[in-house]
Amino acid sequence: MSISDKQFLKPFRHALLFVAFTLFSVNSAHGFSLALDSIATWGKFPRFCVNTYRWGDKFFNSYDSVFVVGTGNKFNVKIKSDSWFDYYAFDFDNNTTMNMVSLPCTSLGLHLTYLAVSAGYDINIGKYFGGQEQVRERFKFSFNCSLFGADFYYLSNDIGTRITRFGQRHHVRSMDLDFKGINNYSWGLDTYYFFNHKRYSQGAAFAYSKIQRKSAGTFYAGLSIWMQHFKFNFSELSDDMKAIIPLQATDYQYAVRNHNYAVKIGYAYNWVFKKNFLLAVSEAPTFGLRHGYINSPDQIKNSFAMYNKLKISFVYNYKKFFTGIIGYHEAGLIYDKQHALINMMMGAEMVAGYRFNLW
């Protein structure tokens with residue numbers, strides 16, 4: 001960091017020290033607390049905010065206590081490891097197939113959560129186990145209560161992948177060919193409403209925020225919006241490979257850009273097969289309208305959009321400790337008369353954590 005950078009940050013450091021000193025002084029002299037009952041004594045407006053929060057929590061986040069209960073703790077700290085990879089499968093109209101699989105991207109991080117707010121830091125450890133030096137970007141934000149949930153995500157891969165199978169049907173050969181001509185990214189928003197929301201908890205299965213005491217399942221439905229930008233440049237492949245790829249008219253470029261608007265209809269089940277043990281599954285096919293182009297930006301068309309998301313979770317709770325494994329598989333289909341492309345993402349997340357209260 002340069003001297004000018006240090007000088008620029010100096011006032012912010014002083015401000016942070018002042019805030020920390022003030023909070024410590026208030027806590028020591030006046031018994032400062034962020035507990036709801038304490039906040040309600042600060043005045044009319046804080047009391048109104050606390051009452052509004054409690055009403056909303058009861059309306060949006062209440063359960064049948066025979067099936068679901070809270071953890072009894074506002075904080076948790078957890079160590080999380082996440083490993084995932086991309087998969088692409090082309091099927092062209094001249095019977096040529098091509099499969100690509102990226103190297104796994106693995107991260108390890110420490111996360112602190114207070115109620116619905118979480119912050120943490122992850123580092124790429126995949127490079128130490130034969131993975132990529134660089135990390136393909138992936139961001140996800142989730143919110144869920146008893147009534148409904150929402151997920152926002154962003155994915156990108158401009159690092160590359162590997163071609164594992166290539167050739168015309170009945171003459172497909174296996175290979176392990178490094179392929180850098182890729183620039184893909186997508187983002188999306190999923191919303192869903194749980195019909196059996198009094199007895200089923202999404203948070204117990206996939207967020208460690210509730211405890212499922214008795215087995216229960218639910219149908220759920222919602223809306224999904226996602227955007228995809230895929231670009232593959234095959235011009236650097238060998239001449240014998242390019243000879244059978246039917247993309248000569250586009251200079252061996254394959255490009256897709258679309259927006260999708262769809263309805264999600266799914267089912268989830270939490271199986272409490274033993275005290276403190278939970279096995280959960282969630283399956284959600286999605287169907288709707290796709291608006292965009294394939295290889296021809298001046299030919300915007302509407303077509304049928306399809307996507308599917310499958311998640312499986314195993315959770316163990318012991319007093320204030322918890323651990324879990326979440327596996328996920330996502331797949332979409334893009335097609336026209338000349339080709340079909342199946343794009344997938346698969347991965348697993350492992351978590352170990354501890355719940356606690358500070359007030």
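Analyst: Start with a definition: buried means under 20% relative accessible area, exposed means over 50%, and partly exposed is in between (1.4 Å probe, protein chains only). Thr-106 counts as buried, because its relative accessibility is 16%.

A word on the source. This is a predicted model, in which local features need pLDDT of at least 70, side-chain atom pairs count only at pLDDT 80 or more, and totals for chains, interfaces and linings use all residues. Residues are numbered from 1 along each chain as its sequence is written, and side-chain values use heavy atoms, with hydrogens and water left out.

Now back to Thr-106. Its place is in strand β4, residues 105–114. Strands here are DSSP runs of E, at least two residues, numbered from the N terminus. The side chain of Thr-106 makes a polar contact of 3.0 Å with the side chain of Ser-83. A polar contact is a pair of N or O atoms within 3.5 Å; within protein, one must be able to donate a hydrogen and the other to accept it, and residues adjacent in sequence count only if both atoms are side-chain atoms. Gly-347 is 241 residues from Thr-106 in sequence, but their C-alpha atoms are 9.5 Å apart in space.

Next, look at another region. Strands β14 (residues 277–294) and β15 (residues 301–318) run antiparallel, joined by 16 bridges. Two strands pair if DSSP finds at least two bridges between them. Phe-287 faces Met-306 of β15. Six residues lie between the strands of this hairpin, where Asn-295 has a positive phi near 70 degrees. β15 also runs antiparallel to β16 (residues 321–335), with 13 bridges.

Methods. Helix = DSSP H or I, 4+ residues; strand = E, 2+ residues; numbered from the N terminus.
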